[in-house]
Amino acid sequence: MTVGERITQLREQRGYTTNKHAHKPSLSQSFVWTVELGEKEITVVNFEYLCKVLDVVLQNFFPYTGSEVRGESRWFQS
């Protein structure tokens, strides 16, 4: 799942439109759309702002399922 897909998922779960994010002057509706579509990257500052709007803490933005660490031990072998 991409950052944009996760933003869309969280926004829709909460019943928000892209206009909900437009309260900050630098985040227009079109900007949020382009991030959701993966056409633009988002800065840490704007990402943090969106997390606040979506009521999700940054470390929980992508839920950990355990499958992400397959093969991790090979990085730590000497």
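Hi everyone. Let me start at one residue: Asp55 is found in the segment after helix 3. What you see above is a predicted model, so please keep that in mind as we go along.

What is the phi of Asp55? The angle is near 55 degrees, a positive value in a residue other than glycine. For background, most residues other than glycine have a negative phi. This residue comes after helix 3, and with 63% relative accessibility it counts as exposed.

Now let's step back to the whole chain. How many helices and strands does the chain have? There are three helices and zero strands. Reading from the N terminus, the order of elements is α-α-α. Helix 1 covers residues 3–13 and helix 2 covers residues 29–36, while helix 3 takes in residues 44–53.

A few overall values come next. The chain has 78 residues, and 29% of them count as buried. Its accessible surface is about 5,800 Å², with 53% belonging to carbon and sulfur atoms. And if you look at contacts with a separation of 6 or more, 55% of them come from residues 24 or more positions apart.

Let's turn to helix 3 itself. Which residues of helix 3 are buried? They are Asn46, Phe47, Tyr49, Leu50, Cys51 and Val53. As for what covers them, helix 1 and helix 2 are both included.

The structure holds two aromatic pairs. A pair of this kind is described by the distance of the centres and the angle of the planes.

With Phe62 it makes an edge-to-face pair, 4.8 Å centre to centre and 90 degrees between the planes. Phe62, at 37%, counts as partly exposed. Put together, Phe47, Phe61 and Phe62 form one aromatic cluster.

Please stay with Phe61 for a moment. What sits over the ring of Phe61? The charged end of Arg6 does, 6.0 Å from the ring centre.

Along with Met1 and Val3, Phe62 makes a nonpolar surface patch of about 280 Å². Met1 has its place in the segment before helix 1. Its relative accessibility is 60%, so Met1 counts as exposed.

Next, the charged side chains. How many salt bridges does a search of the whole structure find? The search finds one. Its partners are Arg11 and Glu36, whose closest N and O atoms are 2.7 Å apart. The pair links distant parts of the chain, with Arg11 in helix 1 and Glu36 in helix 2, 25 residues apart. Arg11 is at 10% relative accessibility, so it counts as buried. Glu36 is also at 10% and therefore counts as buried.

My last stop is Ile42. You will find this residue in the loop between helix 2 and helix 3. Its relative accessible area is 21%, so Ile42 is partly exposed. Which residues is Ile42 in contact with, leaving aside its neighbours within four places in sequence? Those contacts are Val3, Phe31, Val35, Phe47 and Leu50. Take Phe31 from that list: its C-alpha atom and that of Ile42 are separated by 9.2 Å, and the two residues are eleven apart along the chain.

To recap, we have looked at three helices, an aromatic cluster of Phe47, Phe61 and Phe62, and a salt bridge between Arg11 and Glu36.

Definitions and conventions: Residues are numbered from 1 along each chain as its sequence is written. This is a predicted model: local features need pLDDT of at least 70, side-chain atom pairs count only at pLDDT 80 or more; totals for chains, interfaces and linings use all residues. Side-chain values use heavy atoms; hydrogens and water are left out. Helices (H or I, at least four residues) and strands (E, at least two) are DSSP runs, numbered from the N terminus. Buried means under 20% relative accessible area, exposed over 50%, partly exposed in between (1.4 Å probe, protein chains only). Contact means heavy atoms within 4.5 Å. Accessible areas come from the Shrake-Rupley method with a 1.4 Å probe; for residues, only the protein chains shown count as cover. Rings of Phe, Tyr and Trp (its six-membered ring) pair if their centres lie within 6.5 Å; planes under 30 degrees apart count as stacked, over 60 as edge-to-face and the rest as tilted. A charge sits over a ring if NZ of Lys or CZ of Arg is within 6 Å of the ring centre and within 35 degrees of the ring normal. A salt bridge is a side-chain nitrogen of Lys or Arg within 4 Å of a carboxyl oxygen of Asp or Glu. Patches are made of residues with over 30% relative accessible area and no salt bridge: like charges are joined within 9 Å, nonpolar side chains (Val, Leu, Ile, Met, Phe, Trp, Tyr) within 5 Å.
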